[in-house]
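Let's go through this model together in a few questions and answers. Please take a look at it first.

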Amino acid sequence: MINPIYSPASDRYESGMSYRRCGRSGILLPAISLGLWHNFGDVDTFANSLRKAHFAFDQGITHFDLANNYGPSFGSAEETFGQIMKKSFAPYRDELFISTKAGHDMWPGPYGNWGSRKYLMASLDQSLRRMNLDYVDIFYSHRYDPETPVEETMQALVDIVRQGKALYVGISKYPADKAAIAYDYLADHDVPCLLYQGRYNIFNREPQTEGILDQAAANGAGFIAFSPLSQGLLTDRYLGGIPADSRVARGGFLKKESLTPETLASIKALNEIAARRGQTLAEMALAWLLKDNSVTSVIIGASSVEQMADNLKALRNTSFTSEELAEIDRAAGL
Ligand SMILES: NC(=O)c1ccc[n+]([C@@H]2O[C@H](COP(=O)([O-])OP(=O)(O)OC[C@H]3O[C@@H](n4cnc5c(N)ncnc54)[C@H](OP(=O)(O)O)[C@@H]3O)[C@@H](O)[C@H]2O)c1
């Protein structure tokens, strides 16, 4: 069957999405963004990927988060997104904020990993080809490289912007002391860091405890949270066992061993708090992050449109009483 031509929902900016200013910048990001780390690779069904991308944009999700190695296989999420660009999104390019990154293992040999100028420059060229794009909106250094001077990595980011291949740049998972060097270098070269991307959720409070949130704000950068649902743990997904189509069952980054009796007890307790608030656990976990303006956006992963629809409902109630917050901390074992 020939695919019908995609026409986005005409009410996509009135469907309940809110947009938050990204640090001291001109950019507004949707409170909920869509990540393509999992569920968009060549092991997944293209029709489902296309459906999710359409649904996201129809609901006002303008930000799509990618990286060179997302898949599996490496590069295939960008290829999937490139097909979606070609098929559906090309006329709407200026309504989209698209990211990619380099920093993790991508190709063999000494130039396909970490933080060298050689790797970042070559990787972005490959990403642009895979995604059918002339430029990305933001390009990230995906992780701090202890062997490469931060200045080399940052100068590559600066030059990428000067070349017009990215409009903005960001850093991901940098420890605070190295992030400080990165913020200063980028600001000194008139390419201020737009975003810090870090793992943040009810179970993982590092951005708070390590001062990453405050540091981003002080440097005029936004903060965008990845794995806001702790890869699916902060949902009802595993309350009745391990579903065959789940991330744990598929193997990979979320291990069966993470489902310890303590974690399951936490999830259960959190699920009860969420139910009292009239939310699913996924909704409450996202709302918990969005309660603070220090979080510009949360990047969700989703294996179905139904999960995305559930997650979007988080925006209906993002305020918490101090009793609820204390209860959540206790349930999370903090
Ligand atoms: N910078 C970095 O180093 C880095 C690292 C990791 C991720 N990221 C970014 O962050 C994005 C999100 O990460 P993530 O996929 O770990 O996010 P997540 O939102 O914490 O987890 C997504 C998974 O949770 C489950 N899920 C989602 N909504 C649900 C719902 N309403 N009910 C039940 N289960 C639900 C699904 O699992 P099932 O698949 O089992 O259905 C889904 O695949 C990535 O795509 C990527 O863009 C960046």
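Two strands pair if DSSP finds at least two bridges between them; strands (E, at least two residues) and helices (H or I, at least four) are DSSP runs numbered from the N terminus. This is a predicted model, where local features need pLDDT of at least 70, side-chain atom pairs count only at pLDDT 80 or more, and totals for chains, interfaces and linings use all residues. Residues are numbered from 1 along each chain as its sequence is written.

Q: How many bridges join E3 to E10?
A: E3 and E10 run parallel. One of the residue pairs is Ile32 with its bridge partner Val298 in E10. The number of bridges joining E3 to E10 is 3.

Q: Which strands make up the closed barrel, in order?
A: The barrel has 8 strands with parallel pairing. The order is E3-E4-E5-E6-E7-E8-E9-E10.

Q: At what angle to E5 does helix H3 run?
A: Helix H3 covers residues 117-131. H3 lies across strand E5 (97-102) and strand E6 (136-141). Its direction relative to E5 is about 135°.

Q: How are H4 and H5 oriented to each other?
A: Helix H4 (residues 150-162) packs on helix H5 (residues 176-188) with axes 10 Å apart. Val150, Glu151, Met154, Leu157 and Val158 of H4 meet Lys178, Ile181, Ala182, Tyr185 and Leu186 of H5 (C-beta atoms, placed from the backbone, within 7 Å). The angle is about 40°, and angles under 35 degrees count as roughly parallel, over 145 as roughly antiparallel, 65 to 115 as roughly perpendicular and the rest as oblique. H4 and H5 are therefore oblique.

Q: How are H9 and H10 oriented to each other?
A: Helix H9 (residues 261-276) and H10 have axes 8 Å apart. Leu270, Asn271, Ile273 and Ala274 in H9 meet Leu281, Glu283 and Met284 in H10. The packing angle is about 85°. H9 and H10 are therefore roughly perpendicular.

Q: Which elements do the buried residues of H11 pack against?
A: Helix H11 (residues 305-312) has Gln307, Met308, Asp310, Asn311 and Leu312 buried (20 or more other C-beta atoms within 10 Å of a residue's own, with exposed meaning 12 or fewer and partly exposed in between; C-beta atoms are placed from the backbone). These buried residues pack against strand E3 (32-35), helix H1 (46-58), helix H10 (281-290) and strand E10 (297-300).

Key: Axes fitted to C-alpha atoms, helices over the stretch in contact; angles between N-to-C directions. Contact = placed C-beta atoms within 7 Å.
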